[in-house]
Amino acid sequence: MVRFENVGLRYGLGPEVLRDLTFQIEPHSFQFLTGPSGAGKTTLLRLLFLSLRPTRGLITLFGHDLATLSKDELAMLRGRIGIVFQDFRLLDHLTTYENVALPLRVMGRQEASYRDEVIELLHWVGLGERISALPPVLSGGEKQRAAIARAVIARPQLLLADEPTGNVDPTLGRRLLRLFAELHKTGTSVVIATHDIALMDQYDARRLVLHDGRLHIYD
Amino acid sequence: MTESEPTITTTPDYDQADVAETVTRKEAPIVPVTSIAGRALVAVIAIMTFLAAVTLGAVILVHGTAREWQSDLAREVTIQVRPAPGRDIEAEVQRAVEVARATPGVAEVRPYSRAESAQLLEPWLGTGLSLDDLPVPRLIVLRLGEDTAPDLDRLRAQLGEKVTGASLDDHRGWTERMRAMAGTAVALGGALLGLVLAATMLCVTFATRSAMATNRPIVEVLHFVGAKDGFIAGEFQQHFLLLGFKGGAIGGGAAIALFLLANLIGRWFRGSAEQDQLAALFGTFAIGPAGYGAIVGLVVLIAAVTAATSRLIVQHTLQTME
């Protein structure tokens with residue numbers, strides 16, 4: 001699904017922040033991406049999410065070499081990836097329902113065709129009572145769940161989550177982890193970037209550990 | 001798993017009718033209306049459209065009046081018979097009339113009598129004028145036929161041969177000057193329209209750039225959820241098309257109202273000396289259905305230019321964003 005070969009990345013003329021990354025993410029897999037703060041977790045997620053291009057090496061995503069893709073082709077691939085940002089990135093002028101429906105709307109689907117689907121998902125993540133609420137009035141946990149719902153509504157093949165439990169208490173953190181586990185069971189590959197060791201201990205999964213710009217894999 | 005944890009459910013545990021009621025509002029636009037400096041832009045577009053429409057109307061008026069003048073002049077030529085010593089001017093005039101009548105293509109020949117010639121000069125020389133004391137030329141006005149054009153060069157030659165002191169004036173100099181003047185006015189109007197359109201495009205460019213800067217987080221999220229640049233540009237374009245139509249309709253509507261009012265005032269004062277003078281110079285202030293149609297076309301053009309400019313700017317800006 002995703003293959004990195006000797007990937008390196010530097011910002012401008014600075015030192016390489018990621019060095020010689022070689023790994024694969026298999027279909028239907030679940031992995032944690034971890035490492036100390038500043039190790040490059042978010043940078044690696046951005047590479048996975050195609051918002052950064054590597055300065056060297058080869059990235060293959062869903063069988064496509066990223067270096068050869070046009071902007072529109074990148075957009076098509078992004079449609080197959082769901083991402084949950086640490087800061088949620090919900091649009092404040094749209095309701096919870098509209099935020100979650102956004103990926104389907106940009107695909108050009110008519111509202112009538114996805115309304116039930118979105119509402120069902122909102123109930124599934126426990127936001128059934130907050131369908132018409134705007135993000136500024138949602139709690140941190142509710143925003144997090146809305147962001148997760150938006151990431152999974154288009155049934156992505158790959159789900160990336162950046163510190164998804166960073167803003168919530170341990171109880172909610174555990175609930176969210178269960179959500180990701182459920183998604184994994186339905187066939188989505190999941191990558192969760194976190195430095196929360198307690199969270200990782202709750203779920204037996206592959207660990208990708210970034211340290212000094214290099215990746216160590218513990219299967 | 002504890003009971004409070006969210007789970008995948010196969011049958012809905014909620015009332016779908018209730019839920020349908022909670023999602024009643026029409027989907028909000030992805031780019032919020034309030035994030036675009038809409039009112040200021042509508043005002044600018046309205047002013048620009050008004051100026052463009054007034055210019056267009058003025059060009060149509062000038063063009064129409066000049067064409068009327070030209071066709072009047074082109075259907076008429078004048079023979080001037082100057083008095084010569086020892087010749088009977090009445091006989092010369094009569095001969096010129098005969099020559100003119102014999103020319104094919106001349107529909108009507110009307111010599112100005114002595115009294116009429118005196119009347120023509122009255123404003124300058126006063127009443128009680130005796131033309132015998134002055135070497136005043138006499139005029140013969142020829143109306144030309146609609147179908148066949150007379151051979152004016154032949155007529156001129158014949159007059160030269162048969163009538164002493166006769167000359168033919170086909171108003172060519174006047175017509176050419178008129179054509180040049182009307183052409184200049186139309187070109188000037190076209191240039192003004194071009195400037196107004198360019199200024200509108202610049203205003204829209206600034207407004208779009210500012211809207212893009214304000215909405216950058218939204219654009220980023222749209223990229224993350226897989227939106228193509230064309231989709232994002234379309235979202236912005238939709239807003240600007242609406243703003244263009246609003247501004248255009250206000251400006252174009254005001255211009256149409258202005259022309260209707262001018263026309264109405266012209267009718268009220270019809271018959272007064274000032275109005276007759278104005279009507280003689282500029283015609284009536286009526287731009288006609290075609291003129292009003294042109295203004296409506298201008299409104300559509302300005303809205304389209306607004307939308308297209310914003311789309312171009314958005315696409316250009318998106319190309320520079322990763």
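## A hairpin in chain A

A:Leu61 stands opposite A:His64 in β5(A). This pair belongs to a predicted model. Two bridges join β4(A) to strand β5, residues 64-65 of chain A. The two strands run antiparallel. Between the strands of this hairpin lie two residues. A:Phe62 takes a positive phi there, near 50°.

Strand β4 of chain A, residues 56-61, has another partner in strand β1, residues 2-10. Five bridges join β1 and β4 of chain A, and the pairing is antiparallel. Here A:Gly8 stands opposite A:Arg56 of β4(A).

## The six-stranded sheet of chain A

Chain A also holds an open sheet of six strands. The order across it is β6-β7-β8-β3-β9-β10, and the pairing is mixed. Which strands stand at the edges? They are β6 (81-84) and β10 (214-218) of chain A. Each has a single partner strand, so one side of each is left without a neighbour in the sheet. From one strand to the next, the twist averages 15°.

Strand β7 of chain A covers residues 158-162, and strand β8 of chain A covers residues 189-193. They pair in the parallel sense over five bridges. One pair to look for is A:Ala161 with its bridge partner A:Ile192 in β8(A).

In general, the side chains of a regular strand alternate between the two faces of the sheet.

## Helices α5 and α6 of chain A

Helix α5(A) lies across β6 and β7 of chain A. Its direction is at about 170° to β6(A). The helix covers residues 140-152.

Helix α5(A) also packs against α6(A). Their axes are 11 Å apart, at an angle of about 10°. Angles under 35 degrees count as roughly parallel, and α5(A) and α6(A) are therefore roughly parallel to each other. From α5(A), the contact uses A:Gly141, A:Gln144, A:Ile148 and A:Val152. From α6(A) come A:Leu172, A:Leu176, A:Leu179 and A:Leu183. Six residues of this contact are nonpolar and two are polar. None is charged.

Is A:Leu122 buried or exposed? It has 25 C-beta neighbours inside 10 Å. The cut-off for a buried residue is 20 or more, so A:Leu122 counts as buried. This residue is found in helix α4 of chain A.

Leaving aside residues up to four places away in sequence, A:Leu122 touches A:Thr96, A:Tyr97, A:Val100, A:Leu127, A:Gly128, A:Ile131 and A:Ala149. A:Ile148 of α5(A) takes part in the contact with α6(A). A:Leu122 and A:Ile148 are 26 residues apart in sequence. In space, their C-alpha atoms are 10.0 Å apart.

## Where chain A touches chain B

How many residues of chain A are in contact with chain B? There are 31, and they meet 24 residues of chain B. Four helices of chain A each supply at least two residues to this side: α2 (71-78), α3 (96-106), α4 (111-124) and α6 (170-185). Helix α4(A) gives the most, with six residues. By class, the side of chain A that touches chain B has 13 nonpolar, seven polar and eleven charged residues.

Helix α4(A) is also the helix that holds A:Leu122. Helix α6(A) is also the packing partner of α5(A).

## Chain B: elements and domains

Chain B has ten helices and four strands. Along the sequence, the pattern is α-α-β-α-β-α-β-α-β-α-α-α-α-α. Chain B has 322 residues, of which 27% count as buried. Among its contacts with a separation of 6 or more, 86% are between residues 24 or more positions apart.

The domain assignment of chain B gives two domains. Domain 1 is made of 33-70 and 175-319, while domain 2 is 83-164. Taken over C-alpha atoms, 52 Å separate the centres of domain 1 and domain 2 of chain B.

## The four-stranded sheet of chain B

The strands of chain B form an open sheet in the order β2-β3-β1-β4. The pairing is antiparallel. At the edges stand β2 (106-111) and β4 (166-169) of chain B. Each has a single partner strand, so one side of each is left without a neighbour in the sheet. The twist averages 20° from one strand to the next.

How values were computed. Residues are numbered from 1 along each chain as its sequence is written. Chains are lettered from A and ligands numbered from 1 in the order in which they are written. This is a predicted model: local features need pLDDT of at least 70, side-chain atom pairs count only at pLDDT 80 or more; totals for chains, interfaces and linings use all residues. A residue is buried if 20 or more other C-beta atoms lie within 10 Å of its own, exposed if 12 or fewer, and partly exposed in between; C-beta atoms are placed from the backbone. Two residues are in contact if their C-beta atoms, placed from the backbone, lie within 7 Å. Domain bounds come from an automatic or database domain assignment. Ala, Val, Leu, Ile, Met, Phe, Trp, Tyr, Cys and Pro count as nonpolar, Asp, Glu, Lys and Arg as charged, and the others, Gly among them, as polar. Two strands pair if DSSP finds at least two bridges between them. Axes are lines fitted to C-alpha atoms, for helices over the stretch in contact, and angles run from 0 to 180 degrees between N-to-C directions. Angles under 35 degrees count as roughly parallel, over 145 as roughly antiparallel, 65 to 115 as roughly perpendicular and the rest as oblique.
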